[in-house]
Amino acid sequence: MFSEQLGYIEKAKSIAAARYGVPKACINTYGCQQNVSDSEHIKGMLEKMGYAFTEDASDADFVLFNTCAVREHAEDRVYGNIGTMKALKKARPDMIVAVCGCMAQQEKVAERIRKSYPYVDILFGTHLIHRFPEFLYRRLNGSKRIFDISTDTKHIVEGIPVHRDKTVKGWLPIMYGCDNFCTYCIVPYVRGRERSRASCEILREAEQMIAAGVKDITLLGQNVNSYGKGLSEDINFAKLIRKINDISGEFRIRFMTSHPKDCTLELLDAMRDCEKVAHHLHLPVQCGNNRVLGVMNRRYTREKYLSLIKAARSRMPDLSITSDIIVGFPGETYEEFCDTLSLVKEVEYNSLFTFIYSARPGTPAAEMPDIISRAEKGKWFNELLQAQDIIGKQKQNDMKGKTYRVLCEEESENEGFIMGRTNGTDVIEFAGDKTLIGKFVNVKVIDTNNVLKGTLI
Ligand code: 5AD
Ligand code: SF4
C-alpha cells in the first residue's frame, strides 16, 4: 500500500530541505511510454518530498536514470550517461544518483553498476517504484548504498502521486508486465507477469485527468488486448474502452500496444462505435514471414494479421495503422525479409517503427545462430525504410485539400505556428496562437513538404 510510504515522504522532505534548501531533481527517461509514465510517478513522489525539477544534472541534488533494456544500443547510451556522473558526484558528494527501470531489473546489470559505478547510490527495479520514497529517505539519512531488485508480480500499488509532464496529453497505465515471451524480447523478464488494474481505478484516474484538462489519453500496457485477465470483474479491453468512452467531456482515447494474437473483432467493433476512440491502431507485426513469426513465438500468421487489418479497415476506412518491425532476426534470410517488405507494401502503414535485431542476453533468440552481418542487415533495413518512405509520402499527398479535426497539442518550433494531431497519427502545422492549445479545431491541409502544413478553418 502506498500509504506506508507517507512517513518516508515527510522524513525525506525535512532532510532534503535542511540539506539543499529547495532540492532539485533531474530525471532522465529512456525507452517506451511505460517508462515515461513511471518517471511521472517518481516525479510525483519527488514533488511531495519538496523537490523542484531541472533538465541539467550539474544543477541537481538528485539525478535519476530510468532505463530501457529493449536493445543494446539503448543500454550502451545509459552506461555512458551514468558514467558522466562520476565527475559531478566528485564535485558535489552530497548529490544522490539513482538508477531504475528495465536495465536495473537485470541481475547482471545491477551487479555491474554496483561494482563499476560506485557513485550510484540507489538502484531499484521495475517492481519497486512505489517504494522510492523509502529508498531516498534511507540514503539521505546516511544508509549504505541501496540495491533492491526484488520482484512482486502479483500486486499493483495504487495511489502513487503523479506529476504529468504534459497537460494536453496524458499516459494512463491499465496493466503491467507481459506473458508473451516473444523469443527476442527482454520485457517479460524485466517487467514480470501480466497484471491488470481494476477498472474502477482506471476510470477514476481517467476522470481526474479529464477534469485536469487532459484531452488525449493513451492507455498503456505491453499487451493491452489481454487487459482484464485474472481480474474477478467481468471485463476485457473492448469493454474497458466503452466505459472510458462513456465519461463525459471532449477528449480522445488512444492505446498501445496491441498484440495481433489478442486483437479481437469485439475490440475493432468498440473502436468503431466509440466516438472518442482515435482511429489509430498500433499493431506490431514484427515480420511478414510465417517461419520467422513462428520462431519469434508471435502466435499468428501473416494471413491472420492481414485479415485483422482488413477487418479493421472495413470498420474504419480512415484508420491510421502503424507497426513495429524487426529486421535481421537470427536465421532470417533475405527472401524471408522480402516477405516483410511485401507485407509493408500491402498494408500501407501510416508509419513504422523499425529496428535491427539486437541480441538480448537471457532470451531464447540470443542463443540462436545469427550469421548475417550487421552491414547486410543494414542494407535490408534501408530497403524497408525506402519502401515505407514512398508509402508515407503518398498517404500525406492524399491528405492535401482535405479538412481534419485536430487537437492543438503544442507550439511549433516556428514561431506563430501550432502543431495539431488528427484523429489518426498525422501532425499538421498551421498558423495560430498558443491560446488554441488543448482545443479541437478544423484544419485544411494545404501542403505536404515532409511536414504537413495546414490552415485553420
Ligand atoms: N531487437 C530489436 N528490436 C526489439 N524489439 C523488442 N525486442 C527487440 C530486440 N531484441 C522491438 C519490437 C517491439 C519494440 C518495442 O521493440 O519491435 O515491438
Ligand atoms: Fe516483448 Fe512480445 Fe511482450 Fe511485446 S508482446 S513486450 S514484444 S514479449
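How many nonpolar, polar and charged residues does the shell around ligand 2 have? The shell has seven nonpolar residues, three polar ones and one charged one; here Ala, Val, Leu, Ile, Met, Phe, Trp, Tyr, Cys and Pro count as nonpolar, Asp, Glu, Lys and Arg as charged, and the others, Gly among them, as polar. The residues that surround ligand 2 are Cys 178, Asn 180, Phe 181, Cys 182, Tyr 184, Cys 185, Val 187, Pro 188, Gln 222, His 259 and Arg 298, a residue being near a molecule if one of its heavy atoms lies within 4 Å of it.

This is a predicted model, in which local features need pLDDT of at least 70 and side-chain atom pairs count only at pLDDT 80 or more, while totals for chains, interfaces and linings use all residues. Residues are numbered from 1 along each chain as its sequence is written, chains are lettered from A and ligands numbered from 1 in the order in which they are written, and side-chain values use heavy atoms, with hydrogens and water left out.

Gln 222 also belongs to the lining of the largest cavity, together with Gln 34, Met 175, Tyr 176, Gly 177, Arg 191 and Gly 221. By class, this lining has two nonpolar, four polar and one charged residues. The space in the cavity is about 30 Å³. A cavity is a set of points, on a 1 Å grid over the protein atoms alone, where a 1.4 Å probe fits but cannot get out, and lining residues have an atom within 4 Å of a point.

Attention now turns to charged pairs. Side chains of opposite charge can pair when their charged atoms come close. The structure holds 34 salt bridges, each a side-chain nitrogen of Lys or Arg within 4 Å of a carboxyl oxygen of Asp or Glu. One of them joins Arg 193 to Asp 179, with the closest N and O atoms 2.8 Å apart. Arg 193 lies in the loop between helix H7 (187-191) and strand E9 (195-196), and Asp 179 in the loop between strand E8 (175-176) and H7, so the pair ties together parts that are 14 residues apart in sequence. Helices (H or I, at least four residues) and strands (E, at least two) are DSSP runs, numbered from the N terminus.

Another salt bridge, at 2.6 Å from N to O, is formed by Arg 291 and Glu 336. This pair links distant parts of the chain, with Arg 291 in helix H11 (residues 290-295) and Glu 336 in helix H13 (residues 334-347), 45 residues apart. Finally, a network of salt bridges links Arg 242, Asp 269, Arg 272, Asp 273 and Arg 315.

Note on methods. 1 Å grid on protein atoms, 1.4 Å probe; cavity = no way out; pocket = protein on both sides within 12 Å on 5 of 7 lines; lining within 4 Å. Points joined across faces, edges and corners; volume = space filled by probe spheres on them.
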